[in-house]
Amino acid sequence: MSSTSSPLPSALSGALRALADAQRRVPLAVPAAPEPGSVEAVRAWLAVARPVVQSAVKHAKLEDAGLQARIAAPANAKDDEAAWRALDAACAQVERELLSPPSLQARLTEGRRSMMPRVEKVISEHLRTSIEGTGGKLRASVDAAGIAHLQAELPRWVSAWSEYSFAWIEHDLSRTLHVLWTARGPALPVPAPTFAPLRPVAVDKAIELPAIDLERDEAGLGAGALRHGRAVLYSVLGLLGLFGVSRSGGGEGIDPTHLKIAMALMAIAAGGFGYMQARIEREKERERLREQARQKADQATRDVLRVWLDRSADKLAAAANEQLLARRDAFVAWHRATVAPAEQRRAEALRRLTADAEAARAAQGGARDALRDLERALKALDDLLAHLV
């Protein structure tokens, strides 16, 4: 292209006007314009001016993008409101479960049910009865050592019951926290709270088992032996009478002396048999009395045990609720120390973002005008470069 071609001065003039418009908004380190008649001077000037304008355009675009991000920041910050609403709902559920644990009664019932087979075994092994016969009286009573063992053993089982039930209540609450803080929705903005473990409760009052005593008259061995012996002797005499033998004269062919000896022997045998029968009867009577005492003691023990376990369940429930109430107080303290400050920081940050967005929105118009002028100047320089090719 010759140095006197007409398009060059016109293109250079357009580029200079566009640069002047842009420089009114953005300072540009562009050297003075060359003479339009020198193509080499214009080409050298373009080699310096064009990169300056390109850099200014790039910077203006970045500034515009930054302004747009600042304007959109409050809206983006509000997108995490769902997480804060979920946190509020989670905290409300945790507080409800601490004030009224849904699994408390179920866990206490499970613990009692799992404990009862062993309690039954302890009762059957240590609830023994003894029989004493003094002064013609039979007296049945429950072994004091067995009662003492039950009174010492059963509170330990209730302590184990407390430990079992409280451990499961602890597990239920931990599982609730895990589910709430790992929900499928947005991640909660603060970590889950932690609690001190529930302390098992020891029952300090021992069970008061009833003392069982049964007493009745004991049949004498002499009277019993006489009764059974007389019955046997009468039976034998009746049989002899069938054969024609009398106690006074005997029968035909029977020596009276021999008959008397036989009668004496039969009397002795009848007495021995009667004595054995009387002893067997008395032993049976003792066994019946022992069994009655055992049944009465077993029923009375179970009645007392049922009432005692019901009261123990009430004490365990009251102790659990008391500890859970203390947990609720700790939860409120955690909320005040962790959640409330985080919400306050979020509100303050949102206010700062909103104010900054307003400032960015106010500056956005001038920045976009500057970008438009710079882009127009760059296009004019590109058109000038096209005339030099």
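Predicted model: local features only at pLDDT ≥ 70, side-chain atom pairs only at ≥ 80, totals over all residues.
**A quick tour of the model**

Residues are numbered from 1 along each chain as its sequence is written, and side-chain values use heavy atoms, leaving out hydrogens and water.

Now switch to cartoon. You'll find 7 helices and 3 strands (DSSP runs: H or I of at least four residues for helices, E of at least two for strands, numbered from the N terminus). Along the sequence they follow α-α-α-α-β-β-α-β-α-α.

Next, select helix α4 (residues 104-126) and helix α5 (residues 144-181): their axes come within 9 Å and cross at roughly 155°. Those axes are lines fitted to C-alpha atoms over the stretch in contact, with angles from 0 to 180 degrees between N-to-C directions. So α4 and α5 are roughly antiparallel to each other (an angle over 145 degrees).

Last stop: pick Q364, in helix α7 (residues 256-388). Is Q364 buried or exposed? Q364 is buried, because its relative accessible area is 14% (buried is under 20%, exposed over 50%, partly exposed in between; 1.4 Å probe, protein chains only). Show its neighbours too: leaving aside residues up to four places away in sequence, Q364 touches D64, L67, Q68 and I71 (contact: heavy atoms within 4.5 Å). Zooming back out, 34% of the 389 residues of the protein count as buried.

Terms used:
Parallel < 35°, antiparallel > 145°, perpendicular 65-115°, else oblique.
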